[in-house]
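I opened this model to look up a few local features. My notes follow in the order I took them.

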Amino acid sequence: MNVSPSVWLLTVAGLCVLVAADFFIGRKPHDVSIREAGIWTAVWVVLACLFGVGLLVFAGAGPGGEFFAGYITEKSLSVDNLFVFVLIMAKFAVPTQYQQRVLMVGVIVALVLRAAFIAAGAAIISAFSWVFYIFGAFLIWTAWKLIQDARKGGHDEEYEENKLLKSIERRFGVADRYHGTKLWIEENGKRVMTPMLVVMLAIGSTDVLFALDSIPAIYGLTQDPYIVFTANAFALMGLRQLYFLIGGLLKKLVHLSYGLSVILGFIGVKLILHALHESGVHVPEIGIPFSLGFIVIVLAVTTATSLWAARGQGQGQDQGQDQGRDV
């Protein structure tokens, strides 16, 4: 797509207005109800769909299909990332009424980081077409790592602070309790961080790792920076509400990592085929309609098998409890 600077500015301005509105609505700390989370999750999904339909109408089926494929992929990866957010919230014992503020700041940090990664990726791709080989190989390796982590029960582990975060804590010091939404306080004549700031830094730094697989994944579906950016933005902006909506259901998505590994592996192969084609090798390329259908089917099957497995585990536990009572 040939996107003019004015369209870019209008898009970024529109997204900033949406982020500001979301921040204004959730500015007062409170426990988010399932109803509130459900309504706003639906609002963000509808807005993303309207944007995609707009691309279909004004830019054609190609860009529209690329947006929907990218959006669904990024949204799916974001759901997997929620497992880590749950671990971080538990690690730092974030009070429920402050969790939405933490997630809101995390989303803003993620948007800024993703914009930087997208710009860097676009520059690298335009200068070096062979980078698709690297992206493809990295996605296939990530897919294999996802399977290995799923087999080991990776989501059941505790969150471990990275070295950078630990060094920042040692340098500035951390208060022993939360002070509302304050990020810094005076303690014994010294300015120290609050646990609120630490958990925000934890989520922000973790998102750097998330971007390392999500950005190559979406560049495997489209090389248009405008579509890459908007698909990422819409996928991230509903993440806060999605956290509260499906927080209790995350443990039931036991096969999600397997589904994502299949999708990332598929996109990795697609990238390598594209790189071979760019190098003059006559190989078949995978089109967007097939990619979109494949991604949707994999996610549907993964969700269905996950819920079926979780249901079977729940019934088995109930039977075990009943037998225990009988004894």
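I began with strands β1 (residues 184-187) and β2 (residues 190-193), which pair in the antiparallel sense over four bridges. Pairing here requires that DSSP finds at least two bridges between two strands. Strands are DSSP runs of E with at least two residues, helices are runs of H or I with at least four, and both are numbered from the N terminus. I then looked up I185 and found V192 in β2 as its bridge partner. Two residues sit between the strands of this hairpin.

**Ground rules.** This is a predicted model, so I noted its limits: local features need pLDDT of at least 70, side-chain atom pairs count only at pLDDT 80 or more, and totals for chains, interfaces and linings use all residues. Residues are numbered from 1 along each chain as its sequence is written, and side-chain values use heavy atoms, with hydrogens and water left out.

**Positive phi.** N188 lies in the loop between β1 and β2. I read a positive phi of about 55° there, although N188 is not a glycine. Is N188 buried or exposed? N188 counts as exposed, because its relative accessibility is 81%. My cut-offs are under 20% relative accessible area for buried, over 50% for exposed, and partly exposed in between (1.4 Å probe, protein chains only). A93 also went on my list: its phi is positive, about 50°, and A93 is not a glycine. I placed A93 in the loop between α3 (61-91) and α4 (96-127). With a relative accessible area of 55%, A93 is exposed.

**A175.** I found A175 in the loop between α6 (163-172) and β1. A175 is buried, at 6% relative accessible area. What does A175 touch, leaving out residues up to four places away in sequence? The contacts of A175 are I185, E187, V192, M193, T194 and P195. Contact means heavy atoms within 4.5 Å. I also checked A175 against L245: they are 70 residues apart in sequence and 31 Å apart in space, C-alpha to C-alpha.

**S306.** Helix α11 (residues 288-326) holds S306. I noted S306 as buried, because its relative accessibility is 1%. A polar atom of the S306 side chain lies 2.7 Å from the backbone oxygen of T302. Beyond four places in sequence, S306 touches K252, L253, V254, H255 and L256.

**Salt bridge.** How many salt bridges does a search of the whole structure find? It finds one. The side chains of R114 and E74 form it, at 3.7 Å, N to O. R114 is in helix α4 and E74 in helix α3, so the pair ties together parts that are 40 residues apart in sequence. The criterion is a side-chain nitrogen of Lys or Arg within 4 Å of a carboxyl oxygen of Asp or Glu. I checked burial too: both R114 and E74 are buried.

**Surface patch.** Last, I looked at V53, L56, V57 and F58, which form a nonpolar patch on the surface with about 430 Å² of accessible area together. Patch residues have over 30% relative accessible area and no salt bridge; like charges are joined within 9 Å, and nonpolar side chains (Val, Leu, Ile, Met, Phe, Trp, Tyr) within 5 Å. Areas come from the Shrake-Rupley method with a 1.4 Å probe, and for residues only the protein chains shown count as cover. L56 belongs to helix α2 (residues 34-58). At 36% relative accessible area, L56 is partly exposed.

Conventions
A polar contact is a pair of N or O atoms within 3.5 Å; within protein, one must be able to donate a hydrogen and the other to accept it, and residues adjacent in sequence count only if both atoms are side-chain atoms.
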